[in-house]
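Biologist: Please show me the model, and then we can go through some of its geometry.

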Amino acid sequence: NNNNNNNNNNKSHQETNSTKNDDKQRIEATQKWVTNIVIGKKLCPFAPPVSRAPKLRIHASHASTYDDIIQDITTEARYLIDNTTTDTTTTNGTTTSDTGTGSTTSTPTPETTLILLDERLCPPLHLFQNLVRLSWRLQ
């Protein structure tokens, strides 16, 4: 019985490492796509200033249902709202904000988020119409 617990723990640890590696690859591929396609082909004039961390946050979602996707979007929106500072200036990767009570230095915060959905986890994403229907739920 103890061997079964050890095997289950090892399997869970391997799955976690595999998931982290997969997430890292997805994030790196997305960053490359942003740089080479979105910015390189000038598809979005607003992308260059926020194309890299810390201004760009890329979240590898593990959502497997539409409700999970909506929860991820809600969580990321809340993160952006909660981590927004006012009157910020960035120098050498450090954001200085003045909230009217004096200047303080904090870590830089993201200005936008890309949420990476995995169609292997949520097969209905294969159909564009399903994404359109999902967007209706977000409005």
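What follows is a short exchange of questions and answers.

Modeller: This is a predicted model, in which local features need pLDDT of at least 70, side-chain atom pairs count only at pLDDT 80 or more, and totals for chains, interfaces and linings use all residues. Residues are numbered from 1 along each chain as its sequence is written, and side-chain values use heavy atoms, with hydrogens and water left out.

Biologist: At roughly what angle do the axes of helix α2 and helix α3 cross?

Modeller: Helices here are DSSP runs of H or I with at least four residues, and strands are runs of E with at least two, numbered from the N terminus. Axes are lines fitted to C-alpha atoms, for helices over the stretch in contact, with angles from 0 to 180 degrees between N-to-C directions. The axes of α2 (residues 66-82) and α3 (residues 128-138) come within 11 Å, and they cross at roughly 55 degrees.

Biologist: Why is α2 called oblique to α3?

Modeller: Angles under 35 degrees count as roughly parallel, over 145 as roughly antiparallel, 65 to 115 as roughly perpendicular and the rest as oblique. The crossing is at roughly 55 degrees, which makes α2 to α3 oblique.

Biologist: Which ring does the charged end of Arg 57 sit over?

Modeller: A charge sits over a ring if NZ of Lys or CZ of Arg is within 6 Å of the ring centre and within 35 degrees of the ring normal. The charged end of Arg 57 is 3.9 Å from the centre of the ring of Tyr 79.

Biologist: Where is Lys 42, which has a positive phi?

Modeller: Lys 42 is not a glycine, yet its phi is about 55 degrees. Lys 42 lies in the loop between α1 and β1.
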